[in-house]
Amino acid sequence: MTQRYDLHCHSTASDGALAPAALVKRAVEQGVTVLALTDHDTTEGLAEARQQADLLGLQFINGIELSATYLNQCLHIVGLNIDPANPQLMVGLQQQQTLRTERAHKIAEKLAKKKISGAYEAVSQAAGNGEITRSHFADFLVRNGHADTLQGAFDRYLSKGQSAYVPTIWADLEQVVNWINGAGGVAVLAHPLRYKLTAKWMNRALTAFKAAGGQGIEVVTGRASLEEIRFSHQYAIKHQLAASLGSDFHAPDSPYLELGRLAELPKDLQPVWELF
Ligand code: AMP
Ligand code: MN
Ligand code: MN
Ligand code: MN
């Protein structure tokens, strides 16, 4: 049987709209046969997702998307096939989660200075037991009429250089890769073209990533054009990285992005799942 993979998506454990079990159910409905849940800096959703995956006969991979800092730049590193009970990883996640909570308070303070009050309480309630992300703030800003769209909320308030942007120093790239490798996982650079790095900086970052023990790069992502896939393909070859694919699905209401709706990986690259 040919498998249909999706190795990057989010649940209510971070900024996804669906609870882990509902996400798995939707993945099955979309024809996905191998799914990794990769919430931002948390493994909280994995147990529920796995339970549902076992019920429905879907192959489930424990995943995470860690925020990392490389020379002032935030990079997202997906960890696949990790052991969520690994003690060093758990300590690391505690640190990242503390940074997220502190940052959320600071973003809310900046919004308050713009006469937008109550943001922390609102996002904290919306996130529930999950991690607070900037997506929660974007939702809050749209709900309260401060932006028309999520993109607009980022452009006006939340993106780098905007009034409620709070620079955050996440764990070092090397540290993050070590956590993933220490937990038996495979580290994958997420959505390489989303950082808008020049080729020179991308090559630098990938050299550091590889030297730290990173093994994969997302070549096919949810909204990538053929040209973008070609770029990532070239980076995979140049740095001898295995190729991953994932939708980065967050919510059912996005018409262009669905679980498992992905182009095939280029045939000349090693699929990342061969490393599991
Ligand atoms: P955080 O990790 O808390 O900084 O939040 C990052 C998340 O915000 C990403 O994973 C996306 O889900 C979302 N995001 C970032 N930039 C944008 C954008 N321009 N438009 C919509 N969502 C965005
Ligand atoms: Mn997200
Ligand atoms: Mn990301
Ligand atoms: Mn993601």
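Tutor: Contact means heavy atoms within 4.5 Å. The model discussed here is predicted.

Student: How many residues of domain 1 are in contact with domain 2?

Tutor: The protein chain is divided into domain 1 (5-86 + 172-275) and domain 2 (93-158). Their C-alpha centres lie 24 Å apart. On the side of domain 2, eleven residues take part in the contact, and on the side of domain 1 the number is twelve.

Student: Which residues of domain 1 lose the most area to domain 2?

Tutor: The two domains bury about 890 Å² between them, 50% of it on carbon and sulfur atoms. Together, 48% of what the side of domain 1 buries comes from Asp15, Asp41 and Trp179.

Student: Which side chain does arginine 100 meet in a salt bridge?

Tutor: Across the interface of domain 1 and domain 2 the rule finds one salt bridge. For arginine 100, the N to O distance in its salt bridge is 3.0 Å, and the partner is aspartate 41.

Student: Which residues are the protein donors of the manganese ion (ligand 2)?

Tutor: In sequence the donor residues follow the spacing D-x24-H-x209-H. The donors lie 2.1 to 2.2 Å from the ion, and they are Asp15 (OD), His40 (NE2) and His250 (NE2).

Student: How many residues apart in sequence are the parts that aspartate 15 and histidine 40 tie together?

Tutor: Both aspartate 15 and histidine 40 are buried. Aspartate 15 lies in the loop between β1 (5-6) and α1 (20-29), whereas histidine 40 lies in the loop between β2 (34-37) and α2 (46-56), so the parts that the pair ties together are apart in sequence by 25 residues.

Definitions and conventions: Residues numbered from 1 in each chain as written. Chains lettered and ligands numbered in written order. Predicted model: local features only at pLDDT ≥ 70, side-chain atom pairs only at ≥ 80, totals over all residues. Heavy atoms only, no water. Donors = N, O, S within 2.8 Å, 3.2 Å for Na, K, Ca; no water. Helix = DSSP H or I, 4+ residues; strand = E, 2+ residues; numbered from the N terminus. Buried < 20%, exposed > 50% of the residue type's maximum accessible area, 1.4 Å probe, protein only. Domains from an automatic or database assignment. Buried area = accessible area lost by both parts, 1.4 Å probe. Salt bridge = Lys/Arg side-chain N within 4 Å of Asp/Glu carboxyl O.
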